[in-house]
Amino acid sequence: RRTRAAKRRGGTSQATMETEATDGGGWKARVGSIFPGPSLLFCIYQFLINFKPSEPHVAPYLVSVKGFTNQQVNHDIFPYLTYTYFLATALSTPAVQLLGYKRVILLGTFCRLFTRLLLLYGNTLWEMQIMQVAYGIASATDLNVVFGAYMFFMIEQKHFQRVVSFAHAAKFLSELVSAEGGQILLHLGMSLTSLMYISLVAVSIGTGLAFFLPDAKSDPGEEIDPQKGEEIALSPMGMVQWGHVKWNSIRQLYQNFPLLKLSIIWVFASNVYYFIDNYGTILFQARGPDTDMNGHVGAVMCLVASFTSLLATYLEAPALKLGFIFYAIMQAIFTFNVLVAVIFPVLWSSWSCFVIGMSGWNLVLCILYAQCGHCVQNHMYNFLFGINTTCALAFTSLFQLIVQLIGNPVEFGFQALAMYSGLMTLICVYLALSHFLEYGSFTFERTHANVDYPAMQALMTSEEDEEENLNEVEIMSLQRHPYDPR
């Protein structure tokens with residue numbers, strides 16, 4: 001009515017224009033307000049590539065359908081995933097620098113598709129080993145490594161927490177729906193091979209969707225131009241110079257003390273998550289070999305993890321205010337959780353340890369990613385995710401190796417994990433106190449670190465240029481993170 005009245009008066013008021021703009025935007029405006037930028041596309045992509053109803057049944061499928069023994073599955077096939085994942089994660093950073101984000105993500109998506117095809121049509125041991133190698137490469141391009149850095153590169157920093165939480169929620173929701181759906185289909189008489197075909201269809205659609213992911217356009221000097229990648233690779237001197245520049249940039253990155261402290265939590269606290277993920281279901285089998293509830297426990301974990309992913313968007317402000325105290329509290333909860341599983345060696349304590357440990361760490365991870373992202377620039381996200389995740393995997397592998405050499409990796413392993421988690425709680429408390437003594441507050445400021453690290457590196461190459469570059473230094477000092485002691 002207001003619009004028609006304005007037209008009769010021969011003019012259009014500001015309110016009318018706003019009303020028409022809102023009406024014209026419609027559902028697109030509402031969706032855009034919830035999912036900033038291309039984040040909705042990110043969530044759909046994550047849902048599709050993780051929709052694999054066959055995933056909880058890969059081991060039974062390899063034994064009953066493909067004819068491999070349990071010994072071959074556990075010792076000759078599955079270990080290839082662990083080794084490849086670690087190596088591919090370590091190489092993901094230079095791969096993104098040389099090829100770009102989208103090309104690496106497409107490579108990982110095609111590896112997922114290749115994994116599904118080998119599971120269906122491969123029959124020999126070496127084909128299954130190649131299948132695990134392909135899946136390891138695909139895993140290195142997932143949310144915790146390449147795709148997480150890609151999302152940060154593509155969106156504004158003020159939306160980091162929301163996009164990270166939505167993407168993780170989409171991933172766990174997909175795993176929940178596919179796992180429970182696959183279980184129901186098996187009860188209805190569907191074969192394991194049919195579940196493999198359903199997984200193949202979902203991953204194929206996700207592969208097609210990957211082509212529509214937006215390209216990550218780089219600023220000058222931030223990424224290597226893919227067209228120049230071959231030229232650099234063929235030029236030893238150019239490669240050495242590039243490596244020197246990137247090494248200095250990495251040094252500058254981790255000289256940001258708050259980011260360095262957050263990275264310590266990222267690297268060493270991840271051990272609790274990885275250990276529970278690797279040995280949680282084995283603990284179920286040891287304490288309740290006759291139970292058939294383990295699959296449903298995994299579904300409950302995915303449901304709770306989806307909830308905690310979304311909960312992270314509401315806990316962002318309290319976590320910023322508490323600073324490292326937040327991580328100390330969460331680590332104390334993890335310690336108590338593992339202690340309960342150790343003191344009460346029954347099935348319910350194992351289930352609670354798995355659900356609380358996995359979903360709780362997912363909450364911490366969503367907040368940790370966003371806080372780390374606010375301390376770096378676009379061109380350093382790739383280094384942040386690649387280096388921190390590689391170090392976390394290396395330390396976790398060392399911890400698990402020590403546990404296996406000393407005693408039973410299940411019962412003794414969880415005892416060692418309880419002590420380790422308690423130690424991490426004390427480390428988080430120490431980091432909180434040191435932060436308070438240094439800055440007079442536990443709180444993290446939401447000031448973005450818009451520091452041009454390559455430019456800073458160029459300024460520091462020679463003391464003779466100090467006077468000439470004085471004005472640039474003064475300008476950059478205003479852009480520096482407030483907690484950066486430099």
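In the predicted model, helix 14 and helix 19 are roughly antiparallel to each other, because the angle between them falls in the range over 145 degrees that is counted in this way. The axes of helix 14, which spans residues 257–287, and helix 19, which spans residues 411–439, cross at roughly 160 degrees and come within 10 Å. This crossing of helix 14 and helix 19 is left-handed, and the residues of the contact between the two helices divide into 17 nonpolar, 6 polar and 4 charged.

A second helix pair can be described in the same terms, given that two packed helices are characterised by the angle between their axes and by the distance between the axes. Helix 7 and helix 8 pack with their axes 8 Å apart and at an angle of about 155 degrees, and they are therefore roughly antiparallel to each other. The crossing in which helix 7 passes helix 8 is left-handed.

A search of the whole structure finds 6 salt bridges, and among them is one in which the side chains of arginine 116 and glutamate 55 meet, with an N to O distance of 2.9 Å. Arginine 116 lies in helix 7, whereas glutamate 55 lies in the loop between helix 3 (39–49) and helix 4 (58–64), so that the pair ties together parts that are 61 residues apart in sequence.

Notes
Residues are numbered from 1 along each chain as its sequence is written. This is a predicted model: local features need pLDDT of at least 70, side-chain atom pairs count only at pLDDT 80 or more; totals for chains, interfaces and linings use all residues. Side-chain values use heavy atoms; hydrogens and water are left out. Axes are lines fitted to C-alpha atoms, for helices over the stretch in contact, and angles run from 0 to 180 degrees between N-to-C directions. Helices (H or I, at least four residues) and strands (E, at least two) are DSSP runs, numbered from the N terminus. Angles under 35 degrees count as roughly parallel, over 145 as roughly antiparallel, 65 to 115 as roughly perpendicular and the rest as oblique. A crossing is left-handed if the near helix is turned anticlockwise from the far one by less than a right angle, and right-handed if clockwise. Ala, Val, Leu, Ile, Met, Phe, Trp, Tyr, Cys and Pro count as nonpolar, Asp, Glu, Lys and Arg as charged, and the others, Gly among them, as polar. A salt bridge is a side-chain nitrogen of Lys or Arg within 4 Å of a carboxyl oxygen of Asp or Glu.
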